[in-house]
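Please find below a colleague's note on the model.

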Amino acid sequence: MSPTSTPGEIDIRDDRERGLLSARAGGPDGQVVGHIQYFVLEEPERALVAVHTIVEREYEGRGIAGSLTRELYAIAAREAVHVVPLCSFAVRWAARHPGEAPTVSDQLRRAAEQALAADPGKW
């Protein structure tokens, strides 16, 4: 797991094995208040596929979902891979932040959608 801190005592951790990017309030040992569920697509090229974004109701409106999405794109940039946003929040966030969220090819998006349809357990 790799931690990233954000303003307001929110700690973001990537658990690649479980496909979860989690936000914790109060630091690394705090309560999980939001997460992005994702999977790694290998073909036609490696990509992180954002499937679902959730923030606990009492933490909504604090920018946590945006911080999680921004961090997923930052992880992808460090790994030189794409993010394929399939969850509605990530799609909207990417549209509002084109400088941070490079678009993906239709082929890559279709491959991600097919992988998700073939294994609904991915989310």
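The points below treat the basis of the model, the helix pair, the strands and the loops.

1. Basis. This is a predicted model, in which local features need pLDDT of at least 70 and side-chain atom pairs count only at pLDDT 80 or more, while totals for chains, interfaces and linings use all residues. Residues are numbered from 1 along each chain as its sequence is written, and side-chain values use heavy atoms, with hydrogens and water left out.

2. Helix packing. Helix H1 (residues 64-79) and H2 pack at an angle of about 75 degrees, and their axes are 10 Å apart. H1 is therefore roughly perpendicular to H2, a label that covers angles of 65 to 115 degrees. The axes are lines fitted to C-alpha atoms over the stretch in contact, with angles running from 0 to 180 degrees between N-to-C directions. Helices (H or I, at least four residues) and strands (E, at least two) are DSSP runs, numbered from the N terminus.

3. Composition of the helix contact. H1 contributes Ala65, Gly66, Thr69, Arg70 and Tyr73, and H2 contributes Phe89, Ala90, Trp93 and Ala94; contact means heavy atoms within 4.5 Å. By class, six of these residues are nonpolar, two polar and one charged. Here Ala, Val, Leu, Ile, Met, Phe, Trp, Tyr, Cys and Pro count as nonpolar, Asp, Glu, Lys and Arg as charged, and the others, Gly among them, as polar.

4. Phenylalanine 89. This residue is found in helix H2 (residues 88-96). Leaving aside neighbours within four places in sequence, phenylalanine 89 is in contact with Thr53, Ala65, Gly66, Thr69 and Arg96.

5. Aromatic pair. The count comes to one aromatic pair, where rings of Phe, Tyr and Trp (its six-membered ring) pair if their centres lie within 6.5 Å, and planes under 30 degrees apart count as stacked. Tyrosine 73 and tryptophan 93 form this stacked pair, at 5.5 Å centre to centre with 25 degrees between the planes. Tyrosine 73 lies in helix H1 and tryptophan 93 in helix H2, so the pair ties together parts that are 20 residues apart in sequence.

6. Strands E2 and E3. Strand E2 (residues 10-15) has five of its six residues buried, and E3 likewise has five of its six residues buried. Six bridges join E2 to the antiparallel strand E3 (residues 20-25); two strands pair if DSSP finds at least two bridges between them. Isoleucine 12 stands opposite alanine 23, and aspartate 15 opposite leucine 20. Four residues separate the strands of this hairpin, in which glycine 19 takes a positive phi near 70 degrees.

7. Serine 22. Located in strand E3, serine 22 counts as buried because its relative accessibility is 12%. Beyond four places in sequence, serine 22 touches Asp11, Ile12, Arg13, Val32, Gly34, His35 and Leu68.

8. Strands E3 and E4. Six bridges also join E3 to E4, and these strands run antiparallel. The bridge partner of alanine 25 in E4 is glutamine 31. The hairpin has five residues between its strands, and glycine 26 in the turn has a positive phi of about 80 degrees.

9. Loop geometry. Glutamate 43 and proline 44 are joined by a cis peptide bond with omega of about 10 degrees; proline 44 lies in the loop between strand E4 (31-41) and strand E5 (47-55). Alanine 80, in the loop between H1 and strand E6 (82-85), has a positive phi near 55 degrees although it is not glycine. At 70% relative accessibility, alanine 80 counts as exposed.

How values were computed: Angles under 35 degrees count as roughly parallel, over 145 as roughly antiparallel, 65 to 115 as roughly perpendicular and the rest as oblique. Rings of Phe, Tyr and Trp (its six-membered ring) pair if their centres lie within 6.5 Å; planes under 30 degrees apart count as stacked, over 60 as edge-to-face and the rest as tilted. Buried means under 20% relative accessible area, exposed over 50%, partly exposed in between (1.4 Å probe, protein chains only).
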